[in-house]
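This briefing concerns the structure shown below and is arranged by topic. Please read the points alongside the sequence and the coordinates.

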Amino acid sequence: MPKKTQQLKPDTVLKNYWNDNGQFADLFNAVLFHGEPVISPKELEEMDTEESSVLEHGEYAESITASRDGIKICKKSLTYGTAFVILGLEHQEHIHYAMPMRVMGYDYGTYRKQYDCNAKKYRKADGLTDAEYLSGMKRTDRLTPVITLVVYTMAKIHGTDPPLFTAC
């Protein structure tokens, strides 16, 4: 007699699949570098998938929380140092016409987290130019770039085959 199994949720299956550094690197290499093995699984490290921040304007404050399907930092050794890039991944089972806006929100949250972490060091104007103090960043500070891919896993889009990959 066959065993009964609980119905698998596609989101959970895909998160587990893309959690593997090999599959994650293969996807980004296929989309960004036409299959060339530029990103190595050894160069990938997990990051926190939660993005949360507080938006404040005058007396109004609102907390915003979002969770990415997958995000890793790639640390690539170069001749003169190390290059960093943050790679985000979203998988979508159903069409979402505002997906670019959603991805921009995730990416903004990732940049904001970097900025906030950095700006904490510059709460006092000691050794900063006026522009650096107002910006909360030194002229030499850099934010790590973020690249997010969206993988659609649905069967059809308006009666046609879906694109294999969509990059936002």
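In which helix does Asn118 lie? Asn118 belongs to helix H3, and the description that follows rests on a predicted model. The protein chain has 168 residues, of which 30% count as buried. Its secondary structure comprises four helices and seven strands.

**Overall architecture**

- Read from the N terminus, the elements of the protein chain follow the order α-α-β-β-β-β-β-α-α-β-β.
- Among contacts in the protein chain with a separation of 6 or more, 52% involve residues 24 or more positions apart.
- The accessible surface of the protein chain amounts to about 11800 Å², and carbon and sulfur atoms supply 56% of that area.

- Helix H3 spans residues 99–119 and includes Tyr108.
- Asn118, also in helix H3, counts as buried because its relative accessibility is 11%, and the cut-off for this class is under 20%.
- Beyond its neighbours within four places in sequence, Asn118 is in contact with Gly136, Met137 and Asp141.
- Tyr108 has a relative accessibility of 42% and therefore counts as partly exposed.

**Cysteines**

- The number of disulfides found in a search of the whole structure is zero.
- A disulfide is a covalent bond that links the sulfur atoms of two cysteines.
- Cys74 is buried, with a relative accessible area of 3%, whereas Cys117 counts as exposed at 53% relative accessibility.

- The structure contains seven salt bridges, including the pairs Lys76 with Glu43, Lys75 with Glu45 and Lys72 with Glu46.
- In the pair formed by Lys76 and Glu43, the N to O distance is 3.1 Å.
- Lys76 is partly exposed, with a relative accessible area of 24%, while Glu43 is buried at 16%.
- Lys75 and Glu45 form a salt bridge in which the closest N and O atoms are 3.2 Å apart. Because Lys75 lies in strand S4 and Glu45 in strand S1, the pair connects parts that are 30 residues apart in sequence.
- Both partners are partly exposed: Lys75 has a relative accessible area of 32%, and Glu45 has a relative accessible area of 39%.
- The side chains of Lys72 and Glu46 meet in a salt bridge with an N to O distance of 2.5 Å. Lys72 is in strand S4 and Glu46 in strand S1, so the pair ties together parts that are 26 residues apart in sequence.
- Lys72 is buried, with a relative accessible area of 2%, whereas Glu46 counts as partly exposed at 48% relative accessibility.

How values were computed. Residues are numbered from 1 along each chain as its sequence is written. This is a predicted model: local features need pLDDT of at least 70, side-chain atom pairs count only at pLDDT 80 or more; totals for chains, interfaces and linings use all residues. Side-chain values use heavy atoms; hydrogens and water are left out. Helices (H or I, at least four residues) and strands (E, at least two) are DSSP runs, numbered from the N terminus. Buried means under 20% relative accessible area, exposed over 50%, partly exposed in between (1.4 Å probe, protein chains only). A disulfide is a pair of cysteine sulfur atoms within 2.5 Å. Contact means heavy atoms within 4.5 Å. A salt bridge is a side-chain nitrogen of Lys or Arg within 4 Å of a carboxyl oxygen of Asp or Glu. Accessible areas come from the Shrake-Rupley method with a 1.4 Å probe; for residues, only the protein chains shown count as cover.
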